[in-house]
Amino acid sequence: MHRLSLGLATYIGSMVLAAIVLLVYCLYTWKATPLPNDLLLPAVFTVLIAVATCYPVMISPRVKVSVATAALFAGLLLFGTPTAIVVAAIGNGLGNIALKRSWYNTLFNASQHAVCVGLSGLTYYSLVPQAIPFSTLWQQNIIAMPLAAAIMYLANTLAVSVAAGLQLRQDPLHLWLTDRRYDAAQHVALFLLGILAAWTARDYPWTIMLVIVPVAIVYLSFKNSLQLRLQTKEAMESLADVVDMRDPYTYAHSQRVAEYAAEIATAMGLSHEEIDLIRSAARVHDVGKIGVRSSILIKPGRLDPTEWAEMQKHPEIGADIVSKFPDFRLGKNFILHHHERYDGSGYPKQIPNSKIPLGARILAVADAFDAMTSDRPYRGALTPERAAFELQRHSSTQFDPQVVSALLKVLSIRPLLREPVVASQSLPAAS
């Protein structure tokens with residue numbers, strides 16, 4: 001398959017085959033009439049699924065939530081497994097075609113939706129009689145409905161995580177676990193709306209149009225929530241830039257540190273999730289300096305003990321600030337410990353080596369490298385080679401040697417075996 005690895009191509013082919021086998025099996029074993037007498041309502045659901053597929057909500061760089069989940073589950077309850085599989089595949093396929101996605105993306109998405117609906121249907125109708133429309137007796141549904149919803153959710157998200165893992169060459173289980181904190185609550189709401197839609201449309205099919213309103217409200221709430229998160233993130237990053245601008249020598253410092261940190265994390269083989277987290281923390285790592293007097297930040301000479309004590313508070317201030325915001329909260333310990341030293345002589349907690357979070361160790365190297373390669377009032381910028389030598393010289397004392405090696409890999413600089421002609425005797429302080 002064009003532009004696909006052998007593993008991913010095989011996986012997509014297997015998903016298509018699984019969808020076909022599952023449909024044939026359900027048609028063969030279905031005890032009730034496999035197709036409804038009136039095809040108008042299935043056609044309506046097919047259109048609803050296609051439209052919903054065209055408007056997903058991105059709730060993380062890799063996780064999308066589509067309100068089509070509500071229609072998929074409602075269709076399963078109303079039409080039975082065979083028809084629901086066909087409706088899911090056609091609806092999702094039409095949505096992907098409208099989005100002009102590649103043929104293999106369209107094929108995979110349509111097939112995996114057919115599979116997750118089929119598995120959910122096999123679960124549900126093995127616990128309740130195959131009556132169409134579904135039984136409304138709560139005794140039969142109290143276990144069957146939640147279990148069928150869980151199977152649909154797990155089958156859908158695991159299928160996507162495996163595909164992402166094959167494409168990104170990462171552990172699919174790790175991807176699945178890290179992504180679940182973003183979408184679990186939203187899917188619960190969508191499954192509940194699906195049950196409501198099926199319940200109302202069971203006896204009065206026209207009422208399905210009324211359910212579109214709460215589904216649209218959920219969709220808009222997702223988008224508004226996401227917009228609020230993005231605005232909060234932008235506000236925090238703008239605050240970090242304002243802090244940098246208090247000192248003309250550190251302008252755009254946090255932006256550069258974020259890029260260095262992301263490149264180092266990539267060179268160390270960390271997951272996309274970890275890289276994004278480290279980049280976000282690096283972007284605001286000095287926000288705590290908002291609590292430090294400008295006279296201290298821009299002082300050209302050495303700080304006296306009182307001033308130095310105030311400066312050392314900025315990691316704790318920064319960690320406390322970001323802990324209040326969900327998009328930065330997970331990286332607060334990276335910010336808190338980015339001035340710790342590998343030998344345990346840093347601040348604020350004086351913790352050594354592996355006890356320092358890896359993200360903080362990466363920030364320390366990225367921070368120091370940018371500080372050394374930028375102009376300061378008391379010295380000019382060092383060359384990247386000179387800065388690399390200084391980092392190597394303080395490796396295993398101030399910096400994690402593995403992180404330093406990763407930075408050298410990023411810079412394509414071999415380890416320097418001898419001191420440059422004009423090497424300093426002490427490491428220039430990171431800002």
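In which helix do Glu390 and Arg393 both lie, and how many residues apart are they? In this predicted model, the two residues belong to helix α17 (residues 384-393), where they are three residues apart, about one turn of the helix. Their side chains meet in a salt bridge with an N to O distance of 3.0 Å, and Arg386 is linked with Glu390 and Arg393 in a network of salt bridges. Glu390 counts as buried because its relative accessibility is 0%, under the limit of 20%, whereas Arg393, with a relative accessible area of 32%, is partly exposed.

The search of the whole structure finds ten salt bridges. One of them joins the side chains of Asp370 and Arg256 (2.6 Å, N to O); Asp370 lies in helix α16 (residues 358-372) and Arg256 in helix α9 (residues 253-267), so the pair ties together parts that are 114 residues apart in sequence. Asp370 is buried, with a relative accessible area of 1%, while Arg256 is partly exposed, at 29%.

Leu147 lies in helix α6 and, at 37% relative accessibility, counts as partly exposed.

Three cavities of 30 Å³ or more are counted, and the largest cavity holds about 40 Å³ of space. The residues that line the largest cavity include Glu340, Arg341, Tyr342 and Phe399, and by class this lining has four nonpolar, one polar and four charged residues.

Definitions and conventions
Residues numbered from 1 in each chain as written. Predicted model: local features only at pLDDT ≥ 70, side-chain atom pairs only at ≥ 80, totals over all residues. Heavy atoms only, no water. Helix = DSSP H or I, 4+ residues; strand = E, 2+ residues; numbered from the N terminus. Buried < 20%, exposed > 50% of the residue type's maximum accessible area, 1.4 Å probe, protein only. 1 Å grid on protein atoms, 1.4 Å probe; cavity = no way out; pocket = protein on both sides within 12 Å on 5 of 7 lines; lining within 4 Å. Points joined across faces, edges and corners; volume = space filled by probe spheres on them. Nonpolar A, V, L, I, M, F, W, Y, C, P; charged D, E, K, R; others polar. Salt bridge = Lys/Arg side-chain N within 4 Å of Asp/Glu carboxyl O.
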